[in-house]
Amino acid sequence: MKTTGKTLRPRDLRQRLGLNQQQFWAAVGVTQSGGSRYESGRNMPRPVTELVRLVHIEGIDLARA
C-alpha cells in the first residue's frame with residue numbers, strides 16, 4: 001500500500017487513525033484475526049489493499065456506496 005510515494009503498513013495507518021483492529025478491519029470486511037495476520041507481515045491480497053486505501057485513505061464509506 002502506498003501513500004504519498006512511501007509504503008505505509010496497515011498497522012501504522014490504523015494507529016495513525018486511532019482505530020483498534022476491530023474497527024479498522026471491519027470497515028473493509030476483514031475479520032480482526034485476518035487483519036492481525038496482515039499487520040504481522042502476511043501479504044495482503046490486492047483487493048484488500050485497495051479496499052484499505054479507498055476506505056481509510058480516500059475516506060469512502062462502503063456501507064453508503
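**Rings, burial and helix faces**

Analyst: By the ring rule, the count comes to two aromatic pairs. The rule covers rings of Phe, Tyr and Trp (its six-membered ring), which pair if their centres lie within 6.5 Å; planes under 30 degrees apart count as stacked, over 60 as edge-to-face and the rest as tilted.

User: Why is the pair of Phe24 and Trp25 called edge-to-face?

Analyst: The ring centres of Phe24 and Trp25 are 4.9 Å apart and the planes stand at 80°, so the pair is edge-to-face. Phe24 and Trp25 are both buried.

User: What makes the pair of Trp25 and Tyr38 tilted?

Analyst: The centres of Trp25 and Tyr38 lie 5.7 Å apart with planes at 55°, so this pair is tilted. This pair links distant parts of the chain: Trp25 sits in helix α2 (residues 21-26) and Tyr38 in helix α3 (residues 32-39), 13 residues apart. Ring pairs join Phe24, Trp25 and Tyr38 into a cluster.

User: What kind of model is this, and how are residues numbered?

Analyst: It is a predicted model: local features need pLDDT of at least 70, side-chain atom pairs count only at pLDDT 80 or more, and totals for chains, interfaces and linings use all residues. Residues are numbered from 1 along each chain as its sequence is written, and side-chain values use heavy atoms, with hydrogens and water left out.

User: How do you know that Trp25 is buried?

Analyst: Its relative accessible area is 0%. Buried means under 20%, exposed over 50%, and partly exposed in between (1.4 Å probe, protein chains only). Trp25 is therefore buried.

User: Why is Tyr38 called buried?

Analyst: Tyr38 has a relative accessible area of 17%, so it counts as buried. Gly34, in helix α3, has 7% and is therefore buried. In the protein chain, buried residues make up 32% of the 65 residues.

User: How many helices and strands are there, and what makes a run count as one?

Analyst: The protein chain has four helices and two strands. Helices (H or I, at least four residues) and strands (E, at least two) are DSSP runs, numbered from the N terminus. Along the sequence the pattern is β-β-α-α-α-α.

User: Which residues of α1 are buried, and how do you know which side they are on?

Analyst: In helix α1 (residues 10-17), the buried residues are Pro10, Leu13 and Arg14. They cover an arc of only 100° around the axis, so they lie on the same side of α1. The arc is that of the directions from the helix axis to the C-beta atoms. An α-helix has 3.6 residues a turn, so residues three or four places apart point the same way. The buried residues of α1 pack against α2, α3 and α4 (46-57). Here contact means heavy atoms within 4.5 Å. After α1 comes Gly18, with a positive phi near 75°.

User: What about α3: which residues are buried, and what arc do they cover?

Analyst: Gly34, Gly35, Tyr38 and Glu39 are the buried residues of α3. Their arc is only 140° around the axis, which puts them on the same side of α3. Their cover includes α1, α2 and α4. Just after α3, Gly41 has a positive phi of about 120°.

User: What share of contacts joins residues at least 24 apart?

Analyst: Among contacts in the protein chain between residues at least 6 apart in sequence, the share is 44%.
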